Amino acid sequence: MLAYILRRFLGIALTLLLLSIFTFVLSRTVPGGPWLQGVEIPQSPQQVAAFKAKYGLDKPLWQQYLVWLRNALTLDLGVPFSMPEITVSRLIGRLLPYSALVGGLAATLAIALGVALGIASAARANTWLDNVITLYAVFIGTIPSFVMGFVLAYFLAAKLGWFPTGGWGGPRHLVLPVIAYGLPVSGGVARWTRQCMLEAMGSDYVRTAYAKGVRELGVMTRHVLRNALIPMITNFLPLFPGMMTGSIFIESVFGLPGLGKYFVMSSTNRDYPMVLGITMFWALLIACTYLVTDILYGIIDPRVRIAEKAA
Amino acid sequence: MARKKVARRRFLQLTGMAAAGAVIGGCAQAATPQVVKETVEVVVTKEVEKVVTKEVEKVVEVTPAPPTGPTNALGVTLPADALPLEKQYVLEPIGEVGGGYGHIMESLYNRAFEHFGGTEPLTSLDINLQVYPVACESWQVSEDGLYWDFKLRKELVFSDGKPITAHDWVFTLRRAMSSGYDFGWFYFDIKNAVKVYNGELPPEELGIEAVDDYTLRIYTEKPTPYLPALGVWFAVAPKHAYEQYGENWALDPQKYISSGPFILTKFERGVGHKWELNPNYKGIRRPYIVEIREENLPKGLPAYIAGDIQRISIDANSPAGERALVNANPILRTESHPQPPTNTDYIGFNTLPGKFPPLDNPDVRLALCKAIDKETLVSEIFQGFAEPAWGILPKGFPNYIGEQLKELDPNVYDPEAARQLLAKAGYPDGKGFPVFEMWIRQPDASRMALCEAIQARWKENLGITVELRPSDFQSFTDTAFKQKNAPIYFVNYSLDYYDPATFLNIFRTGGRHPHEDPEWTAFYDEANAIMDPEKRFALLQEAEKRLVLSVAYYFVESPFGIMLWPCNLKGETVQPNKDGYQFYGGGGVGCMHAYEGMYWADPACRAGLR
Amino acid sequence: MSTAVSAAAPAVAQAQPRYAGILAGAWRRFRRNKLALFGLGYVVFISFVAVAAPYLTPYTYDKINPSIALQGPSWSHPMGTDILGRDMLTRIMYAARPMLIVGFATQLAGLAIGTTLGVLGGYLGGAVDWAVSRLVELFSALPWYLIVLYMVMVLSPSLKNLILALTITSWVNSCRVVRGLSFSIRKLDYVEAARALGIPGWRIVIYHVLPQAIPLLLWTFASGIPTAVFAEAGLSFLGMGVRPPQPSWGQMLADAGNYWMYWPHMFVFPSAMITLSVLAFQGLADGLREAMDVNVNI
Amino acid sequence: MDTNGAYILRVEDLKKYFPLRRGLLGRGIAHVKAVDGISFAVRRGEILGWVGESGCGKSTLGRTVLQLERPTSGKVFFDGQDLTQLGGEQLRRLRTKMQIIFQNPYSSLNPRMPIGRALIEPMVVHGIARGKQAQERAIELLQLVGLNPYFINRFPSEFSGGQRQRIGIARALALNPSFIVCDEPISSLDVSIQAQIINLLQRLQQQLGLTYLFISHDLRMVQHISDRIGVMYLGKLVEIGPTEEMVHHALHPYTQALWEAVPIPDPEVEEKRQVAILEGDVPTAANPPSGCRFHTRCPYVMPVCREEEPALVELAPGHFAACHLHKR
Amino acid sequence: MPLLQVEDLRVHFRTKDGLVRAVNGVSYELEEGDILGIVGESGCGKSVSALALLRLIPEPPGEIAGGHAYFEGQDLLALKRKELYGIRGRKIAMIFQDPMTSLNPVMPIGEQVAEAIWVNSSVSRREARRRAIEVLAQVGVPAPAERYKDYPHQFSGGMRQRVMIAMAISCQPRLLIADEPTTALDVTIQAQIVELVKRLQRELGMAVIWITHDLGLVARVARRICVMYAGRIVEIGPIKEVFSRPQHPYTLGLLASVPRGRTGRRQPLRHIEGAPPDMISLPPGCAFQPRCQFCAEECLQEEPSLVALGDGHLAACHRLGRLPVEALAPKVAS
């Protein structure tokens, strides 16, 4: 197991390395640069040179990369060009909670709602309830989150005044973004849950369970759900980092603080350390989530666990 | 996206300028009697701070006669209809890096804020856009016009109690010009500024000097009649803050040293900032409001209607429909305030010899200009949110002569004449004319539509094909202005200060444009240096005419917007000025921009808005 | 030989002649799926509309006519007009173009890259497979929305760059599908049989491995298109989508988003088109997979 | 055993180990010893039956013999040529002579290839026939296996399991091989179909003079069709000999137990019969028992069995067994 | 009264291709303590007819289209779902073909056995656990207490099937339905399982329905045999009777196609031509008619019904008694 995790970490490290090279090269090959920042009159070559020297941009590309890499290995992602008072790592640390809260809560909502609906629709497969839920799942999934955001903001905020139209202040400010973000995703979750449940329900061991006299509730909880959980978890866990990175639209609609906005900003500003730092951070988070998912998979599925042990 | 640029534009738009040529005064002018009275009080008791407070308290006790509201930490008593102090705050969207400055003279990138709450500028503009002294009491220009003496206010102190002296000003400007401050060109009129900025001379050579502790002398390269107007961009920074805390002192509430009426009390990057009144402030900008909050805010009219944001601007680029929505709502209509145009869009041609023939042929360029029916296009596309531009100065700007320029040949739509001109140049019906790209800097929907309409006119009227190349700010600047590789470009310029020079300066040879005209530059420089305002303006008019006639540029339109703020925002500075324009909090940077002269009254007038 | 055979072969079995052929069978199965039929119909219809838009409408998508701005649906403008007085129906029709171009181009490119890599990895195994798996791993760990955003931003927003950026991420799915399938097909008896028959590797890949991937690939293809539609809508919302005045549904939606209650027609129609497209392509995808899956045993 | 021509195939100490992934870099440390040192030979024109329980490595043996899996070590002489030494291309050309019939008729046919094309493809690839000629030959082949050539353009999904197996056989015959590995060709067929296929295989063998390595777990069928039978247990060949001998005078306790366990379709016999049941489970091939691999289940286990691995010895003419009981 | 009396059982599946009449009028009786073997080819309805007794047919697409199954006087097919729980596991238990997929892969085997106990009786979980260990020991799982927490995949196929059997007999049912329980196992293990079931049957005195396609196995296990073809019973009767005097051509063919003992090597086997029919479009008349060498005109017209031949031996063939039985009689192994 330990060896497995170590091997996976090597894989993640390699992934991150490749990604950093890709992002690094991409950011340096596009026209423009940070020193052209909103300046109507081009700066003098001396100014640009001074700037480049200050941020080490005068060195050959590979040297810059190696410097970045060396620092990154000590978790030093550099200082954003545009925010000299803070490091990229600290900025991520400061803004992550907001993205994580919105994305995480939305994912939680999506999963909770979706799983509940999915189970209900699988348990009553091919009934009107199933049809209604399937219809909901299909349609809700076709609505982009920002559209949902507009609709909710109008009704519940602008019109009824129950919630603020946006901004950051407290739990009340979270309600709309989380719903707007989570609801469309719940459709997909419900469909996948239903599929997993049905798959488990059609399996031989469920037939065995019925044959030995277990009642429906028991079959559903002890046999169907326990097995369906495995593919569900492996699919739903990556939703968390996925939704955290995608919260940029919701941040934009509701004017929330978060990493997404800063990523967009940094890209426009050619703020290399920020772009690279945020990208690498999310990639690390996503890769780790996959790893955790796989480990968890091994924990909840005894077949995998033992196979690992035996091997 | 256009974040950087948009932010800056907004930042500058807030300096909203009114119509009709205001004369730049050579002497101080009091903004309102009330402010003067305050000033006097402070002057009298400047030695001991504690006395000030007591005196102020006394004033409150002694004169209860008119019904008054609460008194804030600066001792300013709010009008009777004001809401309690805890409601007297200004809510601003958090700076998206670009907007504003931690300290006005901070170096490249250190921008986090968007107002002059924490710094004292040399001069400012009142709501009538007249220059008045802020950190100085008065100024005096030398006989030859080559240097200016600014008499500084002796009572001013930093928030830590240290007096603000001319040495601080000298330090601030030297630092700004030698540390890569990205708006350094604001100060290029100062003697040796360009060379210091480019690192060719040491900062000490900058033409700025402390004659004594309270007299600041600024030398200029040549006579610069608009220097006081430029003074809105001169701010003072505490030398000891740099020495004590290093570069980033202005981004830390623990270290922040304010020279203005507000002081930073919270700074969480990306999350929120807060400014509160600086009780040690002794200057003349004395706001009613007690707090500036910068937060992540929602956007759009619904948020405005719901009261979650305090102001919103609507222009031709706003999401579709906002204007109609405002028109449909009587309360919103009362809350909307048109702003004067402050910028101009123009098309530039790369006339560098041999670079993009035949664009170096004035006849060809004239043909291109005459093929555009500007008036129709602008009114159709901008729907009242822009004035057609006949020269670089936007309508209403001092020395605006649009009516005269309109008659000039390049501004007259005449497709037939255009065709003939083109034929004369060797391209009958556009045959053989190269396919050029028109680079467009950060087009929004309406500008893009405009460019496409122009593209269509050229095709229809001249038979030539031009391809549109929308581009981001960086790539555009790099290609069009630095490499000078764009044959045709569509770009915008916004005012920096309140004088025609702000616009005309950019057309000087050696500036950003791929067009060289030393003759015009010489003429303009001479005209610009004339100290007699009337004579100078007359010659500048001539310069603008020549600029239009050079056909290196074709001026298209000056867009403007409408600012909405709640009807319960009251005070002197939100009143209409002499031209009928109203500015939020006095108009923005350079114009009393510490939100002075405004306060929140009872919101009853907004009832039923939802 | 054959004489002996015919004597010994009364056992000629009656192959049930119920299916006329593989395609007919597929079509028969496909036809039964209502959603898939709808999807197919929609895709055909919308493609026709996109191509023939100039001939279907008397208006142009960019002609401004402020005097009739913001009108609700009427006979002359069935979907109303937008803020600049442009016919919404016309814009909706033209907007099908970027949707289809982005969707098809990204998926096709992704398919080409993904299939090649997937087959190479899955069939050849070994070091090639290791490299492909690392690549897939790399791209699945990408915060892909950010990458797309970043690429579109730095390369300047245009249809071409949008496609480029989306392609970078769109190949991963098909690669994973093909790799997994090749991997399992490689172990199937008929591939073993082909090897036993001395059929060269490239032939095995082309004739025996790849055809099996077709249903899944078609499915990935069709179900990837909604992703592209969403991505385009999202980028348009952030102002990085298709350039105005060229219309796209996402952009129209983003424009009208905050004002949907005042001019529902500006919001409802693009929104409905996105919903319909996503539904149609998903339905088509599911239908295709079901229909093409001749062999339930693999 | 080595005579020119008498033996079409000779296998010497063949081993096939599958590595188990383990360790930091996934290097295999443990192995599943699917085939662990097996030697035997197949006479030209005979049917060599090969039995063993699932997981004993009999299918792996078949594939390794044909070099579909490259052996870990050992030699495989086919017509005097050592297949293990041949490169890919040489081997590919030699494939015309040796073929395989698979167990599962559903997975052994490409579902997206009409059966005619599946038959023609190998001929074209090997340049045996092309165009019309190939078509004709395909028709012949279909007739040969008892299928109506009318269906030549149909897809496998349109055929029943038995018919598919016939197609699989036709495909194996397409290249005119002399040696065919029948890898459990009937075990996934219905009872009434099994006999059809067995009969077909038998007829073809006689008609075309083929040699079969007939792998199956169905002892009755193996007994029915084979000239000789080999019995495998956990990767080892435990006994091999002529069918009569193997059935009536099995020497190895495992072979005996196998015959004992097979039910006889006659209730009268079964009623009287007292079945001696072999206890326990088959151990895993990844970790086989020491000594004789059968000792964990053997009713006659002796101390030596745990220590020492018995060698395969000829105990009667052509009858070999690996058991300490029969040490001479 | 017999323990189980099945009358005209019909089970249909509604598939996209059409209606599958999987079980098409099946009737038989089973006495207490008897062992009935049901044989037939795949798809003949033998498993479905058994699953239908416990109402384990997935509905939809399946449905019990008619018939009765009286078990201890109750019609199983008419029971309410709640009442079924009193039967399943407690009175009638079932074991399935593939013990790997039939056991819950994420539940320890001990718990699965214990579950069968506590859902069917009001014992505590602890008591259920104790009894589960007992039952596991009874079916020959070595060290059941230690292996209680092990998961199915840690067991060999034979052991898994023992666990399945343990679950089935844990409540001492009156009837055990074994649905091809040894098909997935090796011969030596199969022998073990067969002996185990036979032993338990003796010990517990339960009746067994043993479904298989292996004629040898049925000869070893069953006392009566029921041959099914295309959803119908074609022949049923005491095992020795049917084996020695098969009356239906299909039974004849099946018996003939099995190589018998030590004879007939190199002789072609007698086999039945063709393949089982497509259950969606059954041939007219007798379902076996397309493959029957004795097919006559009447066989094409009408479905034959079961005819009693005495001694509980029944067969469904139009040409009963008119077949050249001797010519086909299996050569009995020496």
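Let us begin with D:I198, which lies in helix 6 of chain D, the helix made of residues 191-208. Please keep in mind throughout that what you see is a predicted model. Is D:I198 buried or exposed? Its relative accessible area is 0%, and because residues under 20% count as buried, D:I198 is a buried residue. If we set aside residues up to four places away in sequence, D:I198 touches D:I186, D:F214, D:M221, D:H224 and D:I225, and also E:L269 of chain E.

Now please turn to chain A, where A:S145 is found in helix 6, covering residues 145-159. With a relative accessibility of 13%, A:S145 counts as buried. Which residues does A:S145 contact, once neighbours within four places in sequence are left aside? They are A:A180, A:Y181, A:P184, A:F249 and A:I250.

On the side of helix 8 the contact is made by C:Y190, C:V191, C:A194 and C:R195, while helix 9 contributes C:I204, C:H208, C:V209 and C:Q212. Sorted by class, this contact between helix 8 and helix 9 of chain C has five nonpolar residues, two polar ones and one charged one.

Finally, let us step back and consider chain B, which has 19 helices and 23 strands. Of its 610 residues, 63% are buried, and the accessible surface of chain B comes to about 21,000 Å², with 52% of that belonging to carbon and sulfur atoms. Among the contacts in chain B between residues at least 6 apart in sequence, 72% join residues at least 24 apart.

How confident is the predictor about chain B? The average pLDDT is 81, and 84% of the residues score at least 70. Over residues 1-65 of chain B, however, the pLDDT is below 50, although this stretch has 122 contacts in the model beyond near neighbours in sequence. Where pLDDT is low, the predicted coordinates should not be read in detail.

How values were computed
Residues numbered from 1 in each chain as written. Chains lettered and ligands numbered in written order. Predicted model: local features only at pLDDT ≥ 70, side-chain atom pairs only at ≥ 80, totals over all residues. Heavy atoms only, no water. Contact = heavy atoms within 4.5 Å. Helix = DSSP H or I, 4+ residues; strand = E, 2+ residues; numbered from the N terminus. Nonpolar A, V, L, I, M, F, W, Y, C, P; charged D, E, K, R; others polar. pLDDT = per-residue confidence, 0-100. Buried < 20%, exposed > 50% of the residue type's maximum accessible area, 1.4 Å probe, protein only. Areas by Shrake-Rupley, 256 points an atom, 1.4 Å probe, with all protein chains shown as cover.
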